[in-house]
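Hi there,

Here is the structure I promised to send over. Have a look at it first, and then read on for my notes.

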Amino acid sequence: MTEVTRLREDVHLHAPAHLIRQRILDLGTYDEWLAPAFRDYRADDEGCVFTLALPGRTEQARLRRGGVEDGAVTFVRDG
């Protein structure tokens with residue numbers, strides 16, 4: 001049986017909330033501020049595709065926008 005490992009990295013942003021929300025909603029700007037471990041980033045109107053370089057392996061992921069309401073933006077892994 002494979003053990004599931006969860007990785008958590010806390011991020012602290014020092015900027016007004018409305019500017020952060022604006023950047024999060026604009027998928028086309030993510031490659032400007034994502035960590036270097038996010039490679040081959042591509043975005044469209046519905047989501048994004050990237051390769052995440054982890055220690056010892058890489059994983060490809062596709063996220064699609066799950067919803068935007070009450071100040072929250074959710075993403076769902078696609079596939």
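What percentage of the 79 residues in the protein chain do buried residues make up? The answer is 13%. Please keep in mind that this is a predicted model.

Let me start with the overall layout. The protein chain has two helices and four strands, and from the N terminus the order of its elements is α-α-β-β-β-β. Taking contacts between residues at least 6 apart in sequence, 15% of them link residues at least 24 apart. The accessible surface is about 6,700 Å², and carbon and sulfur atoms account for 51% of that area.

The largest nonpolar core has six residues: Leu 27, Tyr 30, Tyr 41, Cys 48, Phe 50 and Ala 61. As general background, nonpolar side chains in soluble globular proteins tend to be buried together. Apart from neighbours within four places in sequence, Leu 27 contacts Tyr 41, Ala 43, Asp 44, Asp 45, Glu 46, Gly 47, Arg 65 and Phe 75.

Thr 51 is another residue to look at, and you will find it in strand E2, which spans residues 47–54. Is Thr 51 buried or exposed? With a relative accessible area of 12%, Thr 51 falls under the 20% cut-off and is therefore buried. Leaving out residues up to four places away in sequence, Thr 51 touches Ala 37, Phe 38, Arg 39, Asp 40, Thr 58, Glu 59 and Gln 60.

Best wishes

How values were computed: Residues are numbered from 1 along each chain as its sequence is written. This is a predicted model: local features need pLDDT of at least 70, side-chain atom pairs count only at pLDDT 80 or more; totals for chains, interfaces and linings use all residues. Side-chain values use heavy atoms; hydrogens and water are left out. A nonpolar core is a set of buried Ala, Val, Leu, Ile, Met, Phe, Trp, Tyr and Cys residues joined through side-chain atoms within 4.5 Å. Buried means under 20% relative accessible area, exposed over 50%, partly exposed in between (1.4 Å probe, protein chains only). Contact means heavy atoms within 4.5 Å. Accessible areas come from the Shrake-Rupley method with a 1.4 Å probe; for residues, only the protein chains shown count as cover.
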